[in-house]
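Me: Please take a close look at one part of this structure and describe how it is put together. Then place that part in its wider setting.

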Amino acid sequence: MMSNSSTSMAHTLSFGSVRQSPPLSSNFALTHGLLDSAAEQLMVQKDFQAAFDTCERGLVSLLNTEQEDSRYGELKAALCIVGIQALAELNQWPGVLAWILQHYECPEKISAKIMQMCILLYTKVGEQAMMQEAGNVWLCCPSNGRLVGFGTVAELYLLHILVPLGHMTEARELVFGEVGGIAFTEDQKQTALDIVENKENLSQEQPPSPNPNPSPVVVVAGLNTPQGAGIQKLEALLRLLNRGLSVASGGLFRLRRVFLAAVLLYMLFVRMDPAHPSSFPWISQMLQMLKQMWDAMFAPYYQARAQS
């Protein structure tokens, strides 16, 4: 099917001076149909490779449309967004930025929505540095300052790239420079400055580490172990129990026994060392869930006593 589409396109380009080109509306209708097919393959059929291939065909079909038309930019961005999601599902995220640049030619021309999505994607996989140069070039382009999503891109670039990577000088320049003047209000600038200063204070208090972002790595590594999988299952069990306690109307003393058994299982199964740094996130989460369960179990009792 791909070869037929390519042959048909080549035939149209070769004889464009002789044959009348199809109307713009039909080209957009064809591209829109491919977009719908790609979305269905991605979300419903879970055929991620087929979804990506369909996006590629849709982007090729846009070559026959007029780029000045507003629908061109919208359809191109939508196809690229679906394609990014498909590549992420295929675990081919390292090639996402290169694929986007293949269709947009340079970072300055990338749409704001796609730039936001790329920053979030590379942040999710812990590779923010891959977006640093492209994000800086995009933000420094004067024409992008008029786009609706410019402020969101600047905020994501500051919070998810510059600050986590420890580039505090660049972060200050972004906030108080030309980009910050366009993207942020005075209150937002002050909030951003507070975030930068807090990060600097934390960096000074903590001993230097070769890994610029150690905490997420510890958590991710833990989730890949059998113990990490057990923690996830037990957390889900505790959350389910918490929801049950919040809607329960009676039998609280019996539920207390279930709750105590779940907590004991949690501690015995995980066998966490409270003094180990990797245990801090799990202990914090467990304490939050314990507080929620305690409120769900005993808040009605205290409210009844207060009313009486």
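Predicted model: local features only at pLDDT ≥ 70, side-chain atom pairs only at ≥ 80, totals over all residues.

Reply: Angles under 35 degrees count as roughly parallel, over 145 as roughly antiparallel, 65 to 115 as roughly perpendicular and the rest as oblique. Residues are numbered from 1 along each chain as its sequence is written, and side-chain values use heavy atoms, with hydrogens and water left out.

The chain has 15 helices and zero strands (DSSP runs numbered from the N terminus: H or I, at least four residues, for helices; E, at least two, for strands). On the α8 side, the contact (heavy atoms within 4.5 Å) is made by A154, Y157, L158, L162 and V163. From α9 come M168, E170, A171, L174 and V175.

A154 deserves a separate description. Neighbours within four places in sequence aside, A154 touches L139, L174, V179, A183 and F184. One of these, L174, is also among the α9 residues that meet α8. L139 is 15 residues from A154 in sequence, and their C-alpha atoms are 6.9 Å apart.

Of the contacts with a separation of 6 or more, 64% are between residues 24 or more positions apart.

Another helix pair, α3 with α4, packs at about 155 degrees with axes 9 Å apart, which makes α3 and α4 roughly antiparallel. From α3, the residues F48, A51, F52, C55, G58 and L59 take part, meeting K76, L79, C80, V82, G83, A86, L87 and E89 of α4.

The structure also holds three aromatic pairs (ring centres of Phe, Tyr or Trp, its six-membered ring, within 6.5 Å; planes under 30 degrees apart are stacked, over 60 edge-to-face, the rest tilted). F52, already named in the α3 contact, forms a tilted pair with W99, at 5.1 Å centre to centre and 50 degrees between the planes. This pair joins α3 (residues 48-61) to helix α5 (residues 96-104) across 47 residues, and both F52 and W99 are buried. In a second pair, W93 and Y122, the ring centres are 6.1 Å apart and the planes at 80 degrees, so the pair is edge-to-face. W93 sits in the loop between α4 (70-89) and α5, and Y122 in helix α6 (residues 112-124), so parts 29 residues apart in sequence are tied together. W93 counts as buried at 19% relative accessibility, and Y122 counts as buried at 0%.

How values were computed: Buried < 20%, exposed > 50% of the residue type's maximum accessible area, 1.4 Å probe, protein only. Axes fitted to C-alpha atoms, helices over the stretch in contact; angles between N-to-C directions.
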